[in-house]
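Please look through the sequence and the fold below before reading on. The paragraphs that follow take up the surface and then the charged side chains.

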Amino acid sequence: MPSPYRAIFGRPGTKSFSAAGLLGRMPLSMMGIGIVTMVSQLTGRYGLAGALSATLALSAAVLGPQISRLVDRHGQRRVLRPATLVSLGAVAGLLLSAQQRWPDWTLFAFAACAGCVPSVGSMVRARWAELYRGSPRELHTAYSWESIVDEMCFILGPILSIGLSTAWFPEAGPLLAGAFLAAGVFWLTAQRATEPVPHSPEQRAKGSALRSPGLRVLVGTFVATGAIFGAIDVVTVAFAQEEGHKAAASLVLAVYALGSCVAGAVFGLLHLAGPPSRRWLVGVAAMAVSMVPLQLAASFTGSLVLLAVALFLAGLSIAPTMVTTMALVEEHVPRTQLTEGMTWTSTGLAVGVALGSSAAGWVVDAAGAAHGYVVPLAAGVLAALVALAGYRWLRPRTARPPSSPTAGSIPAPAELPATERHDETRAG
């Protein structure tokens, strides 16, 4: 492990809560694609599979920020454990209804309830933020490490989920995802020493973190970004099946995550000058451009190998953009709403995944898998346009239109200029 990464694990408990976060985040890459694989195997209907995955993602998008808001107020242990039990019960119902061929509406009902799943990544990043507040370099490295962990999940998760569902039985992937969720959340919440202390009512900022214009720009852009990810998952599985190698889809998607993992590891070693908003805009634009080779590889070559190469290159822009996003969230929301603010970005991704997977499923059913890569291409263009339109709200305060702080904002912490922190907290 390079020395900057080794250094951040010098604090007690960091290795344990990061490892627990790895387990707890595995369902992020396994559940949606596992449902797509399971339902497509049982029914042959990619439209239904994509719609169910979209329902799960939309439910998580609605419920996730509310769970995180409760976490900011009451602590991780008190909130995450009951929420996880509700989600696990719904997953069990979903698998049973799929296996027993119950009516479609039961599948959607259980998928909606299964969205009561905590944003484990936000919980882990909140612990890092609490440990290294006032140490921006260490926090940058910690966020980069967590981005690598995210991609490790997306490398291993689809392989396990698709591989088990195709080689063992259709429900195996989502079943294992539920087991990972239970293990990760209960291990994480057992670690009380590193759990952020809930803020008192007097310290809390008023209203939702989403009142921040900067955060709204990030979330809006991530809706389109999530559509890229959701569409690529569905279309890649369908494309591999058309080519007669459905199980290979997990390897191809793993290569996509590997590209992001490599980029995240390098990015964590760098300490770049200039405002993070500029790097974020470049990252979003690069993600949009990287969708073009996917369409070319699928439409003109029909080769899974070339598609994997194109996905690896596309993945290089993901982790740096995600790491920069976390830094921007810290700049634009109050400290007392940090977990909620981070979860809102995950919510944007979840909504986008829902829309992208659903749209891709219908395009695949109607026109074939090769044409399905038009969906992530269109989503990438939309993400770049939204990011460009909202960029003025993400620049440093001196370059943004003036606005007054919101009542209830918390005092500025020492590590940032007071003018920037007032801007970060003005929208509470």
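Which residues form a nonpolar patch on the surface? In this predicted model, the patch is formed by L258, V262, V266, L269, L270, L272, V305, V309, L313 and L316, which together have about 810 Å² of accessible area. Helices α10 (249-267) and α13 (304-315) each supply at least two residues of this patch, while L269, one of its members, is found in the loop between α10 and α11 (276-289). L269 has a relative accessible area of 37%, so this residue counts as partly exposed.

We turn now to the charged side chains. The structure holds 5 salt bridges, and in one of them the side chains of E146 and R25 meet, with a distance of 2.3 Å from N to O. This pair links distant parts of the chain, since E146 belongs to helix α7 (residues 136-167) and R25 to helix α2 (residues 14-43), 121 residues apart. Both E146 and R25 are buried.

Another salt bridge joins D150 to R125, whose closest N and O atoms are 2.7 Å apart; because D150 lies in helix α7 and R125 in helix α6 (residues 120-131), the pair ties together parts that are 25 residues apart in sequence. D150 has a relative accessible area of 14% and is therefore buried, and R125, at 9%, is buried as well. Salt bridges that share partners join R25, R125, E146 and D150 into one network.

A further salt bridge brings together the side chains of E195 and R192, at 3.0 Å from N to O. With a relative accessibility of 12%, E195 counts as buried, because the cut-off for that class is under 20% relative accessible area.

Notes
Residues are numbered from 1 along each chain as its sequence is written. This is a predicted model: local features need pLDDT of at least 70, side-chain atom pairs count only at pLDDT 80 or more; totals for chains, interfaces and linings use all residues. Side-chain values use heavy atoms; hydrogens and water are left out. Patches are made of residues with over 30% relative accessible area and no salt bridge: like charges are joined within 9 Å, nonpolar side chains (Val, Leu, Ile, Met, Phe, Trp, Tyr) within 5 Å. Accessible areas come from the Shrake-Rupley method with a 1.4 Å probe; for residues, only the protein chains shown count as cover. A salt bridge is a side-chain nitrogen of Lys or Arg within 4 Å of a carboxyl oxygen of Asp or Glu. Helices (H or I, at least four residues) and strands (E, at least two) are DSSP runs, numbered from the N terminus. Buried means under 20% relative accessible area, exposed over 50%, partly exposed in between (1.4 Å probe, protein chains only).
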